[in-house]
2 protein chains.
Amino acid sequence: MALLGYVAASLTTASFFPQAIKTVRSGDTRGISLGMYALFTLGISCWGVYGLLTRDGPLIVANAITLVPAGLILERKLRAVLAGRERRS
Amino acid sequence: MALLGYVAASLTTASFFPQAIKTVRSGDTRGISLGMYALFTLGISCWGVYGLLTRDGPLIVANAITLVPAGLILERKLRAVLAGRERRS
């Protein structure tokens, strides 16, 4: 049963890597929602702090890993919006 | 401290809604990674089953809610790929 939890955590954490690779390679952030990555990056940062406060190792590790691709996608989208290449949405 | 956990869970769950709304409205799935949404949707389904098996209410609720926007985005992307409008990536 714990195995299923680890499988679930690995899948949701790993899922952001193909998106980050695609976004960084193509530079196409038009279909990416700024709102999603702003809320999501803030959310996993909160999860990480919560993990630190509750001394929950897996929670810290999973969220620290997910922060890398999610932060990259947010940075690319923000850069496009700030450069005026895209509307905010 | 538990409050921070609820804030974190609400942010990460809510984050997929602006992306789903944007994707459904614009129909633009070119920048969306099929790999991400395939892995992510499978991952939150595993989280939901894990929640059912461990009788964890918040885990079941959070993942059932997230499944709606994530499934919608996956369905739109899959439809575009299967229609030959986009390459798989």
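This is a predicted model: local features need pLDDT of at least 70, side-chain atom pairs count only at pLDDT 80 or more; totals for chains, interfaces and linings use all residues.
**Chain A in outline**

Chain A holds four helices and zero strands. From the N terminus on, its elements run α-α-α-α. Along the principal axes, the C-alpha trace of chain A spans about 45 × 25 × 15 Å. The chain has 89 residues, and buried residues make up 40% of them. Its accessible surface comes to about 4700 Å². Carbon and sulfur atoms account for 67% of that surface. Contacts within chain A can also be sorted by sequence separation. Among those between residues at least 6 apart in sequence, 64% join residues at least 24 apart.

**How the two chains relate**

Chain B superposes on chain A with an RMSD of 0.0 Å. Which residue of chain B comes closest to the rotation axis? It is Gly31(B), whose C-alpha lies at 2.5 Å. The interface follows the pairing of the copies. Of the interface residues of chain B, 100% are also interface residues in chain A, so the copies meet through the same surface.

**Aromatic pairs**

Over all chains, the count comes to eight aromatic pairs. A pair of aromatic rings is described by the distance of the centres and the angle of the planes. Two of the pairs are set out here.

| Pair | Centre to centre | Angle of planes | Kind |
|---|---|---|---|
| Trp47(A) and Tyr50(A) | 5.8 Å | 70 degrees | edge-to-face |
| Phe16(B) and Phe40(B) | 4.5 Å | 20 degrees | stacked |

Why is the pair of Trp47(A) and Tyr50(A) edge-to-face? The planes of its rings stand at 70 degrees, and planes over 60 degrees apart count as edge-to-face. Both residues lie in helix α3 of chain A, which covers residues 34-53. They are three residues apart, about one turn of the helix.

Phe16(B) and Phe40(B) form a stacked pair, with 20 degrees between the planes. This pair links distant parts of the chain, 24 residues apart. Phe16(B) sits in helix α1 of chain B, residues 2-26. Phe40(B) sits in helix α2 of chain B, residues 34-53.

**A nonpolar patch on chain A**

Phe17(A), Ile21(A), Val61(A) and Ile65(A) make a nonpolar surface patch of about 330 Å². The elements that give two or more residues to this patch are α2 (16-26) and α4 (57-82) of chain A. Phe17(A) is found in helix α2 of chain A. This residue is partly exposed, with a relative accessible area of 34%.

**Two residues with positive phi**

Most residues other than glycine have a negative phi. Arg55(A) has a phi near 50 degrees, a positive value. Arg55(A) is found in the loop between α3 and α4 of chain A. It is exposed, with a relative accessible area of 76%.

In chain B, phi of Arg55(B) is near 50 degrees. Arg55(B) lies in the loop between α2 and α3 (57-82) of chain B. Arg55(B) is exposed, with a relative accessible area of 76%.

Methods
Residues are numbered from 1 along each chain as its sequence is written. Chains are lettered from A and ligands numbered from 1 in the order in which they are written. Side-chain values use heavy atoms; hydrogens and water are left out. Patches are made of residues with over 30% relative accessible area and no salt bridge: like charges are joined within 9 Å, nonpolar side chains (Val, Leu, Ile, Met, Phe, Trp, Tyr) within 5 Å. Accessible areas come from the Shrake-Rupley method with a 1.4 Å probe; for residues, only the protein chains shown count as cover. A salt bridge is a side-chain nitrogen of Lys or Arg within 4 Å of a carboxyl oxygen of Asp or Glu. Buried means under 20% relative accessible area, exposed over 50%, partly exposed in between (1.4 Å probe, protein chains only). Copies are superposed by least squares on the C-alpha atoms of residues with pLDDT of at least 70 in both. Contact means heavy atoms within 4.5 Å. Rings of Phe, Tyr and Trp (its six-membered ring) pair if their centres lie within 6.5 Å; planes under 30 degrees apart count as stacked, over 60 as edge-to-face and the rest as tilted.
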